[in-house]
Amino acid sequence: MEDAGPNGPMVAEAPRRFAAWPEGVEPAVPIPGYGNTFTHTPAQPPIRRPPMRTEVTGPLELWRKLPCGDDNLAVLAPGRMAQGQLIHIGGRVLDEDGRPVPGAVVELWQANAAGRYFHPNDQRDAPLDPDFIGNGRIRTDAEGRYGFHTIRPGAYPVPAPGAWWRPPHVHFSVLGPATLSRLVTQMYFPGDPLNPLDRIFMSVPDAAARERLVARPIPPEEVGLGWLGYRHDIVLRGRAATPVQP
């Protein structure tokens, strides 16, 4: 297909190609003992087709439609502080070549310090924190940087056969510059003893890919008084992409 240029027909650029996921990066689903993956995993393999211009160039400027700026989950309002260990999670959103992705919409949601979500589907017998909603949305800056102030979430048992718990984790949704760069994933905390027992975390077969799901602690002096800091870079579709988590 050709586009008309000021000096006559102009040949359209070839669609940008996205390489297939490396072996071991995609989770092995459905996950035994976790019913949601059975209801959300297609029974048939996807139909493959080359990405076209619509998928690789848009939608653009989603931040205009999705209001950003909710970067402090720990302080609901003046004088209303969430219960739990105060932490800061920050990092960069990068593309497959290590370049920053400016203007990406980054959403975060998580359980409270007792391991309960502020959501009607979570009816577990654990306390709700009236000062913690547990979700926020921001936009990356020109260098692809993002940051959230929040609290360390608690672990919680999975309502499924077998005794296993989800370790402390936060959920991320990233809306990048193209449909194919959409990413929904999770971040884990280093050294937590529940990490190797978590069936969702361990559903990613490749150990190096699992490590990309674990945040790195940063020195307290780099964060500021009162906050523990973690760095978590997120790589959109590409050779070192952050694994997708169910």
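# Salt bridges, strand pairing and surface of a predicted chain

The structure holds 9 salt bridges, a salt bridge being a side-chain nitrogen of Lys or Arg within 4 Å of a carboxyl oxygen of Asp or Glu. This is a predicted model, in which local features need pLDDT of at least 70 and side-chain atom pairs count only at pLDDT 80 or more, while totals for chains, interfaces and linings use all residues. Residues are numbered from 1 along each chain as its sequence is written, and side-chain values use heavy atoms, with hydrogens and water left out.

The secondary structure of the protein chain comprises 3 helices and 15 strands; helices (H or I, at least four residues) and strands (E, at least two) are DSSP runs numbered from the N terminus. The C-alpha trace spans about 65 × 45 × 35 Å along its principal axes. For 246 residues, a compact globule would have a radius of gyration near 18 Å, and the 20 Å of the protein chain agrees with this. That radius is taken over C-alpha atoms, and the globule rule is 2.2 Å times the number of residues to the power 0.38. Of the 246 residues, 41% count as buried, where buried means under 20% relative accessible area, exposed means over 50%, and partly exposed lies in between (1.4 Å probe, protein chains only). Among contacts with a separation of 6 or more, 71% come from residues 24 or more positions apart, a contact being heavy atoms within 4.5 Å. The protein chain exposes about 13900 Å², of which carbon and sulfur atoms supply 58%; accessible areas come from the Shrake-Rupley method with a 1.4 Å probe, and for residues only the protein chains shown count as cover.

S6 is mostly covered, with 5 of its 6 residues buried. S6 and S7 pair in the antiparallel sense over 5 bridges, two strands being paired if DSSP finds at least two bridges between them. Within this pairing, valine 105 has arginine 139 in S7 as its bridge partner. S6 is also joined to strand S11 (residues 169-175) by 6 bridges, and these two strands run antiparallel. There, tryptophan 109 stands opposite histidine 171 in S11.

The side chains of glutamate 107 and arginine 137 meet at 2.7 Å, N to O, in a salt bridge. This pair links distant parts of the chain, with glutamate 107 in strand S6 and arginine 137 in strand S7, 30 residues apart. Glutamate 107 is buried, its relative accessible area being 19%.

Strand S5 (residues 86-94) and strand S14 (residues 228-231) pair in the parallel sense over 4 bridges, and leucine 228 in S14 is the bridge partner of isoleucine 87. On the other hand, strand S13 (residues 216-218) and S14 pair in the antiparallel sense over 3 bridges, with arginine 216 opposite arginine 231 in S14. Arginine 231 also forms a salt bridge with aspartate 233 through their side chains (3.2 Å, N to O). Arginine 231 counts as partly exposed at 29% relative accessibility, as does aspartate 233 at 26%. Elsewhere, salt bridges that share partners join Asp95, Asp97 and Arg99 into one network.

Arginine 92 lies in strand S5 and glutamate 143 in the loop between S7 and strand S8 (145-151), so the pair ties together parts that are 51 residues apart in sequence. Arginine 92 is partly exposed at 23% relative accessibility, and glutamate 143 is partly exposed at 37%.

A cis peptide bond, with omega about 0°, joins valine 29 and proline 30; proline 30 lies in the loop between strand S2 (8-11) and helix H1 (35-40). Proline 157 lies in strand S9 (residues 156-157) and is partly exposed at 25% relative accessibility. Leaving aside residues up to four places away in sequence, proline 157 touches Arg124, Trp164 and Trp165.

On the surface, Leu76, Phe118, Leu128 and Ile133 form a nonpolar patch with about 340 Å² of accessible area together. Patches are made of residues with over 30% relative accessible area and no salt bridge; like charges are joined within 9 Å, and nonpolar side chains (Val, Leu, Ile, Met, Phe, Trp, Tyr) within 5 Å. Phenylalanine 118 is located in the loop between strand S6 (105-110) and strand S7 (135-139), and is partly exposed with a relative accessible area of 48%.
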